[in-house]
Each structure stands twice: as C-alpha cells, then as structure tokens.
Amino acid sequence: MKIVTICGSLRTDSSTRRALLVAAAAAKDVGASVEFIHLGDFDLSFCDGREDESTYGGDTQRFIQIIGGADGLLIGTPNYHGSFTGVLKNALDLLGPDAIRDKLVGLVATGRGDAGAMNTLNHLRHVCRWMNGWVIPAEVSIPRAQEAFDASGTPVREDLEGQLKNLGTELVRYAGLLER
Ligand SMILES: Cc1cc2nc3c(=O)[nH]c(=O)nc-3n(C[C@H](O)[C@H](O)[C@H](O)COP(=O)(O)O)c2cc1C
C-alpha cells in the first residue's frame, strides 16, 4: 500500500506539512509506505491546457509518475483567501483526468483564523472528486494553525492529534477495501 503525500504550502515551517506528517506517520504505523512530495522541490510547468500532459518538461513527468504509483493520496493545503493554494491547483491541473481515478484521497487544511478551513476542504474535495478520486469522509480542518503544533511538530491539542492519526489510518483502511 503506497501513500503519497502532497503539501500545498511551500513554507519550510509549514503547519500544513506538520499536520500531514502526523497523518502519514499513522498510515505508516498500519503498514503503508509513504512518499512525501514537497512541491517546492519539483520544477513543475505551469499547466497551459495542452491535450498531452506527457509533453510537459522539468520535473512534471516525475511528479505524474509518482502520483501514478500511489494507492492513496494525503493532500494538505493552507486556506488562501477561502480556498486551496494556487501551487496545489497547478500541480493537480498537470495531472490527466484519470490520474487519480480509483485512488483514495484524504484531506487536511489549515487556516490562521478561528473559522478553520472548511471551505478550503469543500473546494479541494470537489476538485478531487471531479478528477475521479475517492475522497474519504475523515478530513481535518485546523483553525489557528500557527499555534496548533509545538516546535517538534507534535499537535498541542489532543483532539487534533487523534483526528490526524484517524485520517492516516482511515485512508489505509479504505484503500485496503478498494483493493479487494
Ligand atoms: C495569500 C494568503 C491568503 C490567506 N487567506 C486566509 C484566509 O482567508 N483565512 C485564514 O484563516 N487564513 C488565511 N491565510 C493564512 C494561512 O491559511 C495560514 O497561515 C496557514 O496555516 C498557513 O499554512 P502553512 O503554515 O502550511 O503555510 C492566508 C495566507 C496567505 C498567504
């Protein structure tokens, strides 16, 4: 069972990344292998709407291949003006219409404010479903994300740690069901 994690924040001390790492560790604990994609490490093209995505250069083909080899995706993003980040949208747009078909998808989103990032999750869920991915019901919205983790990356709110671990283990459980 291979899970690929994509972080929609490029910041080195990203709270979204911290959240994904907690969920990914839980997925590993129940037997999955995990590959973490930091989009800043990939020289990705801008999606320009061409018919054949295999003609994009830079690291785009490597990115597409890694996604193709995944059974499940853990995708995290900050809330940027009520939605997910442009960096993440471009990365998803570089994937063909069937790139995530039959793959399970778990979502987490962070925000600075008290309201969290539910709208961001709604938008991202919609896009992933549109791409034929199976978004699992467990999803995590993290309000006041800048104070949600300590320096070691551990969630300071107990309920948050439980939610993130549940996201990782549920993703593996659902991917196993789909494999049958
Ligand atoms: C362009 C931009 C727009 C943002 N818009 C919102 C917003 O509408 N609501 C909110 O709560 N936080 C907003 N934020 C704050 C980020 O969502 C928040 O700091 C997030 O936790 C950053 O995630 P990161 O640490 O993973 O980069 C915005 C940040 C940026 C840079």
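The legends below describe close-up views of a predicted model. Residue numbers start from 1 along each chain, in the order in which its sequence is written. Because the model is predicted, local features need pLDDT of at least 70 and side-chain atom pairs count only at pLDDT 80 or more, while totals for chains, interfaces and linings use all residues.

**View 1**
Strand β1 covers residues 2-7 and strand β2 covers residues 33-38; helices (H or I, at least four residues) and strands (E, at least two) are DSSP runs numbered from the N terminus. β1 and β2 pair in the parallel sense over 6 bridges, where pairing requires that DSSP finds at least two bridges between two strands. Val4 stands opposite Glu35 in β2. β1 also runs parallel to β3, to which 5 bridges join it, and Ile3 stands opposite Gly72 in β3. Of the 6 residues in β1, 5 are buried; buried means 20 or more other C-beta atoms within 10 Å of the residue's own, exposed means 12 or fewer, and partly exposed lies in between, with C-beta atoms placed from the backbone. Together with helix α1, β1 and β2 make a right-handed β-α-β unit. Right-handed here means that, with the strands pointing away from the viewer, the path from the first strand over the helix to the second runs clockwise.

**View 1. Strand β4 between β3 and β5.**
Strand β3 (residues 72-78) is joined to β4 by 7 bridges, and the two run parallel. On β5 (residues 134-142), 6 bridges connect to β4 (residues 104-110), again in a parallel arrangement.

Leaving aside neighbours within four places in sequence, Val108 is in contact with residues including Thr16, Ala19, Leu20, Ala23, Gly76, Val140, Leu164 and Leu167; contact means that the two C-beta atoms, placed from the backbone, lie within 7 Å.

**View 2. The shell around the ligand.**
The ligand is surrounded by 17 residues, the closest being Ser9, Ser14, Thr16, Pro78 and Gly111. A residue is near the molecule if its C-beta atom, placed from the backbone, lies within 6 Å of it. By class, the shell has 3 nonpolar, 11 polar and 3 charged residues; Ala, Val, Leu, Ile, Met, Phe, Trp, Tyr, Cys and Pro count as nonpolar, Asp, Glu, Lys and Arg as charged, and the others, Gly among them, as polar. Helix α1 gives the most to this shell, with 3 residues.

**View 3. Two loop residues with positive phi.**
Asn132 lies in the loop between α4 and β5 and has a positive phi of about 75° although it is not a glycine. Asn132 is partly exposed because 13 other C-beta atoms lie within 10 Å. Arg144 is found in the loop between β5 and α5 (158-179). Phi of Arg144 is also positive, near 40°, in a residue other than glycine. With 15 C-beta neighbours inside 10 Å, Arg144 therefore counts as partly exposed.

**View 4. Gln65 in helix α2.**
Gln65 is found in helix α2 (residues 60-68). Gln65 counts as exposed because it has 9 C-beta neighbours inside 10 Å. Val135 is 70 residues from Gln65 along the chain, and their C-alpha atoms are separated by 21 Å.
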